[in-house]
Amino acid sequence: MAGTKLAPTPSDVSSVRLSAQDRREQLLTVAVDLFSRKGFSGTTTREIATAAGVTEAIIFRHFRTKEQLYTAIIDQRYKSPGAEAWKAEMRSAMQKDDDEAVFRFLIEAIICTHKDDPKFERLMIYAALEGNEIALLYMRHVTASVVDAIRAYILRRQRQGKLRAMTPDTALAAIAGMAQYYALNKYAYGLKEERISDDEAIESFTRIAVSGLQTKGPARKKKP
């Protein structure tokens, strides 16, 4: 019919030349969306190719397998400039023995990642439900340095008498658990609590963590 525009076919879209880096970024973006909605097992490379407007051959030119594409998504997420900057700020707070700042950085990071990148967080929920060892083992690997650093910090502060005696993993679970529960309900499940803003949640959870984990202030010196 004259004057009627037909929807572009994958071959039409793929004819738009992108640099290798731009094409790779496009494929990662499309794949995150599909994996977050259908999981790894429920998503095919053909579906990713169709959504990206390319052939499967283009996908395999950048990623040898679907597993490699999946791993690249996680790698991109955890090695971003923002993640590196956050780690540097966390290390600085630890060096200053600033418990409140350390707890706040962790809580804020959990909440903000769910807010800023809900698709990736849903992807990781799918990975857990599917028992996808590719994602789970890789995630443990790339987050191990952060988790180990926080554990070591808590243990050191306990030895200094500044934090209550408990296993570091218990303390870490208590701090992270508050933020994770809030963020999942609000950004993954859509159960938005209008009475609580993210800023209020971050500050409240930080106060709870500080008051619950810190010991009482340093003993006052007796007057001679």
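Throughout these views, a residue is called buried under 20% relative accessible area, exposed over 50% and partly exposed in between, with a 1.4 Å probe and protein chains only. The model is a predicted one, in which local features need pLDDT of at least 70 and side-chain atom pairs count only at pLDDT 80 or more, while totals for chains, interfaces and linings use all residues. Residues are numbered from 1 along each chain as its sequence is written, and side-chain values use heavy atoms, with hydrogens and water left out.

**View 1. The loop between helix 6 and helix 7, with D97.** D97 is placed in the loop that joins helix 6 to helix 7, and because its relative accessibility is 27%, D97 counts as partly exposed. Most residues other than glycine have a negative phi. D97, although not a glycine, has a positive phi of about 55°.

**View 2. The helical chain as a whole.** The protein chain contains 11 helices and zero strands, where helices (H or I, at least four residues) and strands (E, at least two) are DSSP runs numbered from the N terminus. Of its 224 residues, 36% count as buried. Among contacts (heavy atoms within 4.5 Å) with a separation of 6 or more, 68% are between residues 24 or more positions apart. The chain exposes about 13700 Å², of which carbon and sulfur atoms supply 57%; accessible areas come from the Shrake-Rupley method with a 1.4 Å probe, and for residues only the protein chains shown count as cover.

**View 3. The largest nonpolar core, around F103, I111 and I150.** A nonpolar core is a set of buried Ala, Val, Leu, Ile, Met, Phe, Trp, Tyr and Cys residues joined through side-chain atoms within 4.5 Å. The largest one has 29 residues, and F103, I111 and I150 touch the most other members. Two or more residues are given to this core by each of helix 6 (81-95), helix 7 (99-116), helix 9 (133-159), helix 10 (168-188) and helix 11 (198-213). Apart from this core lies another, of 28 residues, which includes V32, F35, F40 and F120. Beyond its neighbours within four places in sequence, I111 is in contact with residues including A179, Y182, A183, Y187 and F205.

View 4. A pocket is defined on a 1 Å grid over the protein atoms alone as an open set of points where a 1.4 Å probe fits, with protein on both sides within 12 Å along at least five of seven lines, and lining residues have an atom within 4 Å of a point. The largest pocket has a volume of about 1100 Å³, the volume being the space filled by probe spheres set on grid points joined across faces, edges and corners. Of the 33 lining residues, Y78, L106, I110, T113 and T143 lie nearest the centre of the pocket. Helix 9 gives the largest share of the lining, eight residues.

View 5. R164 is placed in the loop between helix 9 and helix 10 and, because its relative accessibility is 40%, counts as partly exposed. G212, found in helix 11, lies 48 residues from R164 in sequence, with 8.2 Å between their C-alpha atoms.
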